[in-house]
Amino acid sequence: MAHASTGTLPDRRPEAGRQVLPAAELDRRFYAFVLDRLVGWGLAAAGTWAAYRLLIEPGHPAAGVALAVALVLLIGLGSALLLGLGGTSPGKAALGLRVVQAGTAEPVGVGPALLRTFVLGLAALPTLGLGVATLAWTAVMDRTGQRRGWHDHLAGSAVVDVRPVPVEEAAPEPAPRTIVNLTAMRLVPPPAPGTTTPVRPPAPLAPAAAPRPGPPPAAPRPVGPPPAAPPAGARWRVAFDSGEAFLVEGLALVGRGPEPRPGEQARHLVPLRSSDMSLSKTHAQFQVVPDGALVVMDRGSTNGSVLVRRGVPRDLGPGRPTTLLDGDLVRFGDRSMSVTREA
């Protein structure tokens with residue numbers, strides 16, 4: 001997560017009389033403390049060196065020591081004023097932190113800032129850092145969750161994080177995917193070369209004379225060579241509750257009197273009896289597709305088809321192909337067909 005430029009970020013600077021800022025993390029407070037110490041000790045060292053060169057070395061040691069102590073106290077006073085009036089310091093400004101009154105966003109004032117600065121100064125060099133470690137431990141153990149150390153409780157202060165809140169850019173919504181039913185495309189027979197779709201002639205205005213009854217038309221038989229055999233290793237056997245069973249080698253039609261459509265090449269025609277006439281004339285079809293899967297499709301039957309997989313029934317929509325698995329059971333009206341895949 002990256003921080004954007006200041007112009008695009010909401011301002012989290014403290015507002016008077018209202019505590020809206022989160023408590024600063026301890027590691028950032030430690031880095032700010034180290035930076036403040038480097039700045040303060042660097043100024044003190046420079047002042048002490050100047051006092052040594054200007055007063056102590058020429059033979060005025062008392063004046064030189066007094067000047068060095070005065071410089072140290074002046075640095076501490078300036079730091080307290082900066083902290084009490086503005087809640088900041090060089091380290092805190094660099095790390096995005098601010099010292100405010102606990103429970104509000106107002107500066108702590110000069111008096112509490114002086115007390116806080118004195119405690120921190122006493123806990124640093126005079127105790128060889130053990131005092132600072134103790135104050136950090138009290139901040140970790142703060143029960144209020146504001147990470148206030150003992151020096152913060154003395155001064156009534158809290159260290160907060162005033163960095164701008166990064167704004168996360170909303171991810172663009174994905175466009176809806178276009179789904180192509182490849183299995184359905186495989187089941188549609190391709191048009192013969194040189195043929196066009198027949199156009200149904202308009203219905204006559206006057207009823208024509210009833211044709212004379214003649215002999216029933218012969219059942220259409222498969223024309224042309226049988227379809228290509230499924231790939232090796234994809235052998236599917238189906239068995240009906242009426243006793244019919246065979247190895248599927250092409251398009252199979254099942255119903256009371258199944259008939260293929262014009263131009264449709266059916267390898268298996270499975271006529272079945274239906275005691276309650278719930279089985280349509282051409283109820284459904286199934287075949288092995290080129291990728292070796294066995295696919296079944298209801299052909300708009302009156303009572304529909306049902307797939308039973310692991311004991312759970314599911315209706316098969318008309319015209320919607322469904323891939324079958326080993327052990328599936330398909331109900332066509334009052335008939336059923338079990339599916340077995342042979343190795």
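**Exercises on a predicted chain**

Of the contacts in this chain between residues at least 6 apart in sequence, 60% join residues at least 24 apart.

**Exercise 1. Overall make-up**

Determine how many helices and strands the chain has, and what share of its residues is buried.

Solution. 
- Step 1: The secondary structure consists of 7 helices and 13 strands.
- Step 2: The chain has 343 residues, and 34% of them are buried.
- Step 3: For the surface, the accessible area comes to about 21,700 Å², with 63% belonging to carbon and sulfur atoms.

**Exercise 2. Helix 2 and its surroundings**

Compare the span of helix 2 with the expected value, and identify the elements against which its buried residues pack.

Solution. 
- Step 1: Helix 2 covers residues 61-86, which gives 26 residues.
- Step 2: From first C-alpha to last, helix 2 reaches 37 Å, close to the 38 Å expected at 1.5 Å a residue.
- Step 3: The buried residues in helix 2 include Gly64, Ala68, Ala80, Leu83 and Gly84.
- Step 4: Residues three or four places apart in an α-helix point the same way, because there are 3.6 residues a turn.
- Step 5: The packing partners of the buried residues are helix 1, helix 3 (90-95), strand 1 (97-101) and helix 4 (110-123).
- Step 6: Just after helix 2, Gly87 takes a positive phi of about 70°.

**Exercise 3. A nonpolar surface patch**

State which residues make the nonpolar surface patch of about 630 Å², and classify Leu43 as buried, partly exposed or exposed.

Solution. 
- Step 1: The patch is made by Phe30, Tyr31, Val34, Leu35, Leu38, Val39 and Leu43.
- Step 2: Leu43 lies in helix 1, which spans residues 26-56.
- Step 3: The relative accessibility of Leu43 is 49%, so Leu43 counts as partly exposed.

**Exercise 4. The aromatic cluster**

Decide whether the ring pair Phe240 and Phe246 is stacked, tilted or edge-to-face, and whether each residue is buried or exposed.

Solution. 
- Step 1: The structure holds 4 aromatic pairs.
- Step 2: For Phe240 and Phe246, the ring centres are 6.5 Å apart and the planes stand at 25°.
- Step 3: Planes under 30 degrees apart count as stacked, and the pair of Phe240 and Phe246 is therefore stacked.
- Step 4: Phe240 has 6% relative accessibility and so counts as buried; Phe246, at 16%, likewise counts as buried.
- Step 5: Phe240 and Phe246 form one aromatic cluster together with Phe286.

Notes: Residues are numbered from 1 along each chain as its sequence is written. This is a predicted model: local features need pLDDT of at least 70, side-chain atom pairs count only at pLDDT 80 or more; totals for chains, interfaces and linings use all residues. Side-chain values use heavy atoms; hydrogens and water are left out. Rings of Phe, Tyr and Trp (its six-membered ring) pair if their centres lie within 6.5 Å; planes under 30 degrees apart count as stacked, over 60 as edge-to-face and the rest as tilted. Buried means under 20% relative accessible area, exposed over 50%, partly exposed in between (1.4 Å probe, protein chains only). Patches are made of residues with over 30% relative accessible area and no salt bridge: like charges are joined within 9 Å, nonpolar side chains (Val, Leu, Ile, Met, Phe, Trp, Tyr) within 5 Å. Accessible areas come from the Shrake-Rupley method with a 1.4 Å probe; for residues, only the protein chains shown count as cover. A salt bridge is a side-chain nitrogen of Lys or Arg within 4 Å of a carboxyl oxygen of Asp or Glu. Helices (H or I, at least four residues) and strands (E, at least two) are DSSP runs, numbered from the N terminus. The expected span of a helix is 1.5 Å times one less than its number of residues. Contact means heavy atoms within 4.5 Å.
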